[in-house]
Amino acid sequence: MSFFKKMENLDTPQSSNSALTGEAEKVKCLIIGSGPAGYTAAIYAARANLSPVVYEGIQPGGQLTTTTEIENFPGYPSGVTGTEMMEDLKKQAQRFGTEVRFGIATSVDFSKRPFKVVIDENKLIEAQVVIIATGATAKYLGLESEEKFKGSGVSACATCDGFFYRKQDVAVVGGGDTACEEATYLANLCNKVYMIVRKPFLRASKAMQERVFNTPNITVLFEHQTKELIGKDAVEGALLTNAKGELVKIDITGFFLAIGHHPNSDIFKPYVNTDEAGYIITKPGTSQTNIPGVFACGDVQDKNYRQAITAAGSGCMAALDAERFLGEHGLA
Ligand code: NDP
């Protein structure tokens with residue numbers, strides 16, 4: 001196995017390893033990712049004197065910073081915004097001494113301890129234990145026109161970008177809870193919202209479905225698929241195909257993807273076992289990966305529940321497992 005196996009589908013350019021010849025920074029407990037899993041792991045690790053260092057990753061605060069109101073996280077009877085909750089979690093982790101840094105893990109070498117992790121392709125960290133909490137990333141359809149209009153009509157985050165489409169007509173792709181949530185959020189801002197759903201039913205929970213069906217300016221287009229986006233410099237419409245194979249044109253300026261996520265596990269794959277979808281496999285009931293001393297928590301290892309509360313719970317497990325591991329190896 002080559003030294004510093006590269007991330008297979010990384011968007012960032014390939015690095016040279018020249019910057020890695022410098023001295024490595026030694027860290028006891030490295031946490032990669034800053035969603036509810038990463039920060040909860042940090043809170044527990046910091047309180048156990050593991051001096052955790054958290055690298056925030058591509059989306060500091062994780063996916064919750066792109067969501068609207070969170071109403072199902074215990075302890076917030078009036079709800080809380082994703083951004084607020086993540087700020088609170090970060091402050092709580094820092095209060096006990098967690099060092100939170102900007103930066104993205106770009107390659108790893110888990111062949112032996114201390115584990116080597118490269119940050120931003122130029123900084124080398126050696127960690128006794130690593131907690132992977134890198135979450136998952138939104139999927140796109142893969143259309144050429146979708147790529148062309150990214151940032152000018154195409155978005156995977158209604159709460160980030162919905163504001164720009166006030167009083168306009170937009171579409172959301174997908175029939176799950178995310179799509180329903182995004183559609184109802186956009187319906188508050190926009191003139192009209194189409195939901196483009198490939199099946200004849202919504203996959204979302206009954207409560208979310210009801211919310212969609214009770215919102216008058218949402219039109220659900222069942223059994224429709226997006227063929228192409230049209231427009232000159234920005235999205236002006238979408239061409240869809242219906243169940244009969246007929247072309248249907250809708251006039252929209254915003255096109256929001258809500259069709260699921262891809263686990264951010266690529267850089268770890270040369271060492272850490274994943275399932276066919278890329279979710280990291282952990283020993284049931286624990287956060288342990290196949291590499292002793294490397295733990296995984298949150299959405300990168302959970303394709304079933306994917307909730308903030310389950311991510312936080314698994315972050316706690318990872319910190320406790322890491323603490324136990326360090327103790328057993330005389331490193332605590
Ligand atoms: P899901 O995987 O549940 O749903 C994805 C949706 O996108 C499905 O309707 C799927 O269609 C559709 N889809 C996938 N690929 C394509 C494609 N290429 N073209 C068209 N449509 C496509 O993902 P979500 O992000 O909605 O939810 C993930 C998890 O998070 C779920 O467990 C959900 O319950 C949870 N969640 C909970 C929330 C809450 O409780 N407040 C909010 C948001 C999410 P098909 O059905 O045909 O496969």
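1. In which loop is Asp120 found? Asp120 is found in the loop between strand S8 and strand S9 (123–132), where helices (H or I, at least four residues) and strands (E, at least two) are DSSP runs, numbered from the N terminus. Asp120 has a positive phi of about 50 degrees although it is not a glycine. With a relative accessible area of 35%, Asp120 is partly exposed; buried means under 20% relative accessible area, exposed over 50%, and partly exposed in between (1.4 Å probe, protein chains only).

2. Basis of the model. This is a predicted model, in which local features need pLDDT of at least 70 and side-chain atom pairs count only at pLDDT 80 or more, while totals for chains, interfaces and linings use all residues. Residues are numbered from 1 along each chain as its sequence is written, and side-chain values use heavy atoms, with hydrogens and water left out.

3. Overall form. The protein chain contains seven helices and 20 strands. Its radius of gyration is 21 Å, close to the 20 Å that the globule rule gives for 332 residues, so the chain is as compact as a globular protein of that length. The radius is taken over C-alpha atoms, and the globule rule is 2.2 Å times the number of residues to the power 0.38. Along the principal axes, the C-alpha atoms fill a box of roughly 65 × 45 × 30 Å.

4. Burial, contacts and surface. Of the 332 residues of the protein chain, 50% count as buried. Among contacts between residues at least 6 apart in sequence, 60% join residues at least 24 apart; contact means heavy atoms within 4.5 Å. The accessible surface comes to about 16100 Å², of which 49% belongs to carbon and sulfur atoms. These areas come from the Shrake-Rupley method with a 1.4 Å probe, and for residues only the protein chains shown count as cover.

5. Charge. The protein chain has 33 positive and 38 negative side chains, and the centres of the two sets lie 2 Å apart. Lys and Arg count as positive and Asp and Glu as negative, while His and the chain ends are not counted. The place of a charge is taken as NZ of Lys, CZ of Arg, CG of Asp or CD of Glu.

6. The parallel sheet. An open sheet of five strands has the order S11-S18-S12-S13-S14, with parallel pairing. The edge strands are S11 and S14 (218–222), each of which pairs on one side only. Two strands pair if DSSP finds at least two bridges between them. Strand S13 (residues 192–197) is joined to S14 by five bridges, and Val193 stands opposite Ile218 in S14.

7. Strand S18 within that sheet. S18 is joined in parallel to strand S11 (residues 154–155) by two bridges and to strand S12 (residues 169–173) by four bridges. Ser155 stands opposite Phe256 in S18, and Val173 stands opposite Leu257 in S18. In a regular strand the side chains alternate between the two faces of the sheet. Both faces of S18 (residues 254–257) are covered: Gly254 and Phe256 on one side, and Phe255 and Leu257 on the other, are all buried.

8. Helix H7 and Ala322. Ala322 lies in helix H7 (residues 308–328) and counts as buried, at 0% relative accessibility. Leaving aside its neighbours within four places in sequence, Ala322 is in contact with Val129, Ile131 and Phe295. The C-alpha atoms of Ala322 and Ala37, 285 residues apart along the chain, are separated by 14 Å.

9. Phe73. This residue is found in the loop between strand S4 (69–70) and strand S5 (80–81). Phe73 counts as buried, at 15% relative accessibility. Not counting residues up to four places away in sequence, Phe73 touches Met85, Ala308, Ile309 and Ala312. Phe73 and Gln307 are 234 residues apart in sequence and 8.9 Å apart in space, C-alpha to C-alpha.

10. Further backbone points. A cis peptide bond joins Arg113 and Pro114, with omega about -5 degrees. Pro114 lies in the loop between strand S7 (105–109) and strand S8 (115–119). Lys167 has a positive phi of about 65 degrees although it is not a glycine. Lys167 is found in the loop between helix H4 (158–161) and S12, and is exposed, with a relative accessible area of 72%.
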